[in-house]
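Reader: I have a model open and would like to go through it with you. Can we start with a single residue and work outwards?

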Amino acid sequence: RVGILVYDTPAQNFISELRHLLEKAGHAPFFPDKTMEDLGMDVRRVARLVQKTEADAWVVVSASREILKWFVEYEKPAFALFGRRGSLPIAGVGPDHVKAGRMLTRRLIALGHRRIVTLAREPRRLPEPGQSERAILEEMQAHGIPTGSYNLPDWEDTPEGFHRMLDELFRVTPPTALIIDEAFLFHAAMNHLARHGILAPDHVSLICSDLDPTFAWCRPTIAHFAWDHRPWVRRAAHWVDNLAKGKDDRRQTLTKVEIVEGGTMGPVP
């Protein structure tokens, strides 16, 4: 029995593919009755859910570092599908956002951008920035651009808090480029800014570090990261097969990320 613990509602196609592949191999994948978002990403609440759930192994999707640390110590094996798994002794897979973040930052700087801001939810910012967020800040510093809280702002993890943060960002020293994690945040930001007459790429470049099928319907086209999800599914399924054979598999792998320079990205106005 393989529990698949997701961050939020498992609407992504690759999650369904993983479940199908595990079932085809003779395993019994299932989703617990709550997501990590339902549990407020609280380690103690997640621990209680996992401990009372009958499972031989866990696939944990987009977990915080604190939650993955707990799974490292838990008696049942776990696999980190995305999430803040770097340097932890846990098997995992995900896109190489670090390399892609550095490449994107260099490209934005070449287009004249110096006020580059990354918008990410709390698990990516606290207790310290994730590897991909740090890579963007480090690349800016390497090009002589000072960085601080302006470049990775804190905000209350609610729609109201997100909109307040955007208003504050653009009140005095507006960014010329926003790198936005997760597609729903990207759409929320683009809509909010457009209501205030701030359009991409006329006034600001907008790039999403996620991939979403809705982007195909947007005009201007959306600048975003792109990847092939099939290696993730195969790697997670292979990990479960290794467990069934008694193998201790803790290897972490990264997959290639491409930058799609859509119409929301351009030179500094």
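Reader: Which residues does Ser 205 touch, leaving out those up to four places away in sequence?
Author: Ser 205 touches His 113, Thr 176, Ala 177, Leu 178, Thr 264, Met 265 and Gly 266. Contact here means heavy atoms within 4.5 Å. This is a predicted model, where local features need pLDDT of at least 70 and side-chain atom pairs count only at pLDDT 80 or more, while totals for chains, interfaces and linings use all residues. Residues are numbered from 1 along each chain as its sequence is written, and side-chain values use heavy atoms, with hydrogens and water left out.

Reader: Is Ser 205 buried or exposed?
Author: Ser 205 counts as buried because its relative accessibility is 1%. Buried means under 20% relative accessible area, exposed over 50%, and partly exposed in between, with a 1.4 Å probe and protein chains only.

Reader: Which strand is Ser 205 in?
Author: Ser 205 is in strand β8, residues 205–208. Strands are DSSP runs of E with at least two residues, helices are runs of H or I with at least four, and both are numbered from the N terminus.

Reader: What does β7 pair with?
Author: One partner is β8, which runs parallel to β7 and is joined to it by 4 bridges. Two strands pair if DSSP finds at least two bridges between them. Ala 177 has Ser 205 as its bridge partner in β8. Strand β6, residues 116–119, also pairs with β7 in the parallel sense, over 4 bridges. There, Thr 118 stands opposite Ile 179 of β7.

Reader: New topic. What is the strand order in the open sheet of 6 strands?
Author: The order is β2-β1-β3-β4-β5-β10, with parallel pairing. β2 and β10 (252–255) are the edge strands, each pairing on one side only. Further in, β1 and β3 run parallel and are joined by 4 bridges. Leu 5 has Val 60 as its bridge partner in β3.

Reader: And helix α1, which residues there are buried?
Author: Phe 14, Ile 15, Leu 18 and Leu 22 are buried in α1. Seen down the axis of α1, the buried residues fall within an arc of 105°, so they line one face of the helix. The arc is that of the directions from the helix axis to the C-beta atoms.

Reader: What covers them?
Author: The cover includes β1 (2–5), β2 (29–30), β3 (57–61), β4 (78–81) and α9 (230–244). On the face turned away from the buried side, α1 carries the exposed residues Asn 13, His 20 and Lys 24.

Reader: What comes just after α1?
Author: Gly 26, which takes a positive phi of about 95°.

Reader: Now the chain as a whole. How many helices and strands are there?
Author: The chain has 9 helices and 11 strands. Of its 269 residues, 51% count as buried. Its C-alpha trace spans about 55 × 35 × 30 Å along the principal axes.

Reader: What about contacts across the sequence?
Author: Among contacts in the chain with a separation of 6 or more, 68% come from residues 24 or more positions apart.
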